[in-house]
Amino acid sequence: MNKPSASMPHTDDAENRELLPLSPRASSLDPLGQLLPQAGDPGSEKKSKRTAADYRALWKTAIHQQILLLRMEKENQRLEEASRDELHIRKMKLNYQEVSECSKDAQALWERKLTAPGRTTVPQDKEEMYRALCQGVPKSRRGEVWLLLSHQHRLRHRLPPRQLALDTHYHDLLKQLTAQQHAILVDLGRTFPTHQYFSAQLGAGQLSLYNLLKAYSLLDTEVGYCQGISFVAGVLLLHMSEEQAFDMLKFLMYDLGIRRQYRPDMVSLQIQMYQLTRLLHDYHRELYNHFEEHEICPSLYAAPWFLTLFASQFPLGFVSRIFDFVFVEGTEVIFKVALCLLGSHEGEIVECDSFESIVDYLKTTLPALSHTQMEQTIAKVMEMDISKQLQAYEVEYHVLQDEMLESGPLPDDSERLDKLEKTNAQLKKQNMELLEKLQAARQKIQTLETSMENFLSRESKMKHMIRSLEQERAAYQRTIERMRSCLPPDALTDVEMTQIKTGPNGKAKTAAKKP
């Protein structure tokens, strides 16, 4: 450091404040300045002088402060990058079209409900919550709305202790091994294969889905893992974090009782198929008779609707809207949506005159809903109330089962009946597997068709470019011919001789001299 010359006046505090913040001479920011002798201190023998050790200590402090600032800048930069990545992933997750846009009034209403004090401890009016749900849910806050609805349901309905899920932490479950690992890994690629978040093999989406399904298979050993749960878990992951999705999956399975349809005996699913048949008989008699005539049972087309909550075949925006109502009404919403879909397509289904054409229409054409059809279906669902019919049909099913058990099979037919039941169970299982494979194959075909369209478009562009180049080449040739016709014969002969003597690189050829 250069010491100030004696001819310069002594610097005051105002000048010190204008120095760099980390300069050793900035006494106002110097943490060691109070420990060193300052100018004007009484009893100081060298008032305006500092030793080399003093300056060395000041520079050491300044360097340490600069290192801390650099570390803070790097940490801030890392946090900013992480925030950008998180926003990108969130945008990727919510990349679907809403059924209907949420109005500003509805957004403000949900904002008040999501920030209200005591929202997780004080029950709110159920009718008011349902009216708010009918007005729409903002896509960016849908996960928070589902969490709020689950808290409100748990406040009003307390499950008996024997029906509650085990209180095991999510991260503790991830440390364990599951016997369902192979089945889960096989289904990862079949779950939302066209969605950007889940399409990358063993990407962030598939890894989160694997963790969630693994944790639930360890938590619920009776159900373990069943085909269809992956789509439900996938929808939850698109709107919230892994731990929140795990809690919501437990809520759907245990609090709302959806896990009953995934049990190995599938009794609950059989009851649901019977209830749907009875609803068709009451609401759409012509369609019911058409199905009976061609021997089409609901398990052929409606089983995936119930097992995946419509997520395996229908647009994601439509499925998310169904989930909104599932968190309030439970599985009753699935019956309403199924009934509305079948009713709105009744005319087209009746026109199908064979078993194959009906099944193909139900599996391929019906799920391809337009935006208007989705809005109309949700509007009808909000107006329907079939809770009493569902309860009556469930009782009716159990009465019929009891009558069949009391009558019992004939002694000669008991063994044959057992074989038929086993065969039926195997066929049902094979049917579900084939349905999953067919869905994956169709989605792959759609991807290939999109790629082929892109290739065809590129081929058309290349052909157009080739035609343009050929036209340009023809124009150049005509120009050359006109130029040749304008040249005198002697000049044309000189040009031809020049072309002969000039090599391919434009350099004149020279004959090799003999010695």
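Predicted model: local features only at pLDDT ≥ 70, side-chain atom pairs only at ≥ 80, totals over all residues.
1. Phe-291, Tyr-301, Trp-305, Phe-310, Phe-314 and Phe-318 come together as one aromatic cluster. In total, the structure holds 16 aromatic pairs. Phe-314 and Phe-318 show the geometry of one of them: their ring centres are 5.9 Å apart and their planes meet at 40°, so the pair counts as tilted. The tilted class runs between the stacked limit of 30 degrees and the edge-to-face limit of 60. Phe-314 and Phe-318 are both buried.

2. The largest nonpolar core has 110 residues. Leu-252, Tyr-301, Trp-305, Phe-310, Phe-318 and Phe-323 are the members that touch the most others. Tyr-301, Trp-305, Phe-310 and Phe-318 also belong to the aromatic cluster. Which residues does Tyr-301 touch, leaving aside those up to four places away in sequence? They are Leu-276, Leu-280, Phe-291, Ile-296, Leu-342, Leu-362 and Lys-363.

3. The overall fold is helical in its assigned elements: the chain has 22 helices and zero strands. Of its 515 residues, 37% count as buried. Among contacts with a separation of 6 or more, 76% are between residues 24 or more positions apart. The chain exposes about 32300 Å², with carbon and sulfur atoms supplying 54% of that area.

4. Salt bridges number 18 over the whole structure. Arg-141 and Glu-111 form one, with N and O 2.5 Å apart. This pair links distant parts of the chain, 30 residues apart. Arg-141 sits in the loop between helix 4 (126-135) and helix 5 (142-156), while Glu-111 belongs to helix 3 (residues 104-115). Glu-111 has 36% relative accessibility, so it counts as partly exposed.

5. The salt bridge from Arg-278 to Glu-396 has its closest N and O atoms 2.9 Å apart. Here the link is between distant parts of the chain: Arg-278 in helix 12 and Glu-396 in helix 20 (residues 387-407), 118 residues apart. Glu-396 is at 27% relative accessibility and therefore counts as partly exposed.

6. Cys-134 is in helix 4. Its relative accessibility is 25%, so it counts as partly exposed. Leaving out residues up to four places away in sequence, Cys-134 touches Arg-321, Phe-325 and Met-382. As for Cys-102, it lies 32 residues from Cys-134 along the chain, and their C-alpha atoms are separated by 10.0 Å.

7. Gln-107 lies in helix 3. Is Gln-107 buried, exposed or partly exposed? It is partly exposed, because its relative accessible area is 37%. Gln-107 touches Cys-102 and Pro-138, not counting residues up to four places away in sequence. Gln-107 and Lys-139 are 32 residues apart in sequence, and their C-alpha atoms are 9.9 Å apart in space.

8. Most residues other than glycine have a negative phi. Phe-192 has a positive phi of about 45° and is not a glycine. Phe-192 is in the loop between helix 7 (181-188) and helix 8 (196-199). At 9% relative accessibility, under the 20% limit, Phe-192 counts as buried.

9. Leu-309 is the other case. Its phi is near 55°, again positive in a residue other than glycine. Leu-309 is placed in the loop between helix 14 (303-308) and helix 15 (316-329). Its relative accessibility is 0%, so Leu-309 counts as buried.

Technical notes: Residues numbered from 1 in each chain as written. Heavy atoms only, no water. Phe/Tyr/Trp six-rings, centres within 6.5 Å; stacked < 30°, edge-to-face > 60°. Buried < 20%, exposed > 50% of the residue type's maximum accessible area, 1.4 Å probe, protein only. Salt bridge = Lys/Arg side-chain N within 4 Å of Asp/Glu carboxyl O. Helix = DSSP H or I, 4+ residues; strand = E, 2+ residues; numbered from the N terminus. Contact = heavy atoms within 4.5 Å. Areas by Shrake-Rupley, 256 points an atom, 1.4 Å probe, with all protein chains shown as cover. Core = buried A, V, L, I, M, F, W, Y, C linked by side-chain atoms within 4.5 Å.
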